[in-house]
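Please read them next to the coordinates.

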Amino acid sequence: TVRKQPLDHRLPAGRSSGASMFCMACGNMSTDFVLRLLEDGFVPREHIDLPSDRGLTPVKNAFMANRLETVKHLILMGADTRVIASVRAAIGFDIAKNSNIGASARAELRTYLDVLLAWIDSELTLHDRFVHMLVCGVHEDYTSAAAHQNHLTKLRGARSTQIRQDLAAFCGVKIGIELERLRRAKRTLSPVAADGEEEVAVAPSLAAGSHAKL
């Protein structure tokens, strides 16, 4: 059996300013490789936000390198997106002239952020539509003609909560802790929040890793 050596140690100072090997992997390797490191236990989950001496974290490094699929997975795993919001502030139109980031790089980073926010919006919209469909179907009037063809009415009651959650997972709908993390990322990365709005406190369920019911 191969003994797993955690990759939480930092690279030599001066080469990457104390960034962890996992942080470097997020900015240079494929998403599959990064997920394999996490899923196989080479990187402790609590080190997802481990910063370098200059504040470079895995999710920020992945974002700056346009590895947005990696960013998406890290967000769903609980990565702190405030570091990405700080990048947004640096590419804002109002202070762009004072930024040490070139014009073309700023444009690219704005595009990355737009793509990321569009993904978050699509995931939240999918959840809302799923819940609307489920609620309408589950609580349809038994007396209607269509109700006789609707099997969703069988999912009424608290005893069917797990079945409803399994149905959401099968349809690719984010629920529970992942849904909370998406909502938090949207608040953090939206233009209003990035321009100075105070960060919303982390909900107890987010910190505890509990799953909200549908």
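1. The structure holds 0 disulfides, a disulfide being a pair of cysteine sulfur atoms within 2.5 Å. Cys 23 is in none, and the nearest cysteine sulfur, that of Cys 26, lies 6.6 Å away. Likewise, Cys 26 is in no disulfide, with the sulfur of Cys 23 as its nearest at 6.6 Å.

2. On provenance: this is a predicted model, in which local features need pLDDT of at least 70, side-chain atom pairs count only at pLDDT 80 or more, and totals for chains, interfaces and linings use all residues. Residues are numbered from 1 along each chain as its sequence is written, and side-chain values use heavy atoms, with hydrogens and water left out.

3. Are the two cysteines buried or exposed? Cys 23 is buried at 0% relative accessible area, and Cys 26 is buried at 0% as well. Buried means under 20% relative accessible area, exposed over 50%, and partly exposed in between (1.4 Å probe, protein chains only).

4. Helix 1 (residues 21-28) is largely enclosed by the rest of the structure, because 6 of its 8 residues are buried. These are Phe 22, Cys 23, Met 24, Ala 25, Cys 26 and Gly 27. The buried residues of helix 1 pack against helix 2 (31-39), helix 3 (58-64) and helix 4 (68-76), where contact means heavy atoms within 4.5 Å.

5. The protein chain has 10 helices and 0 strands. Both are DSSP runs numbered from the N terminus: helices are H or I with at least four residues, strands E with at least two. Of the chain's 214 residues, 43% count as buried.
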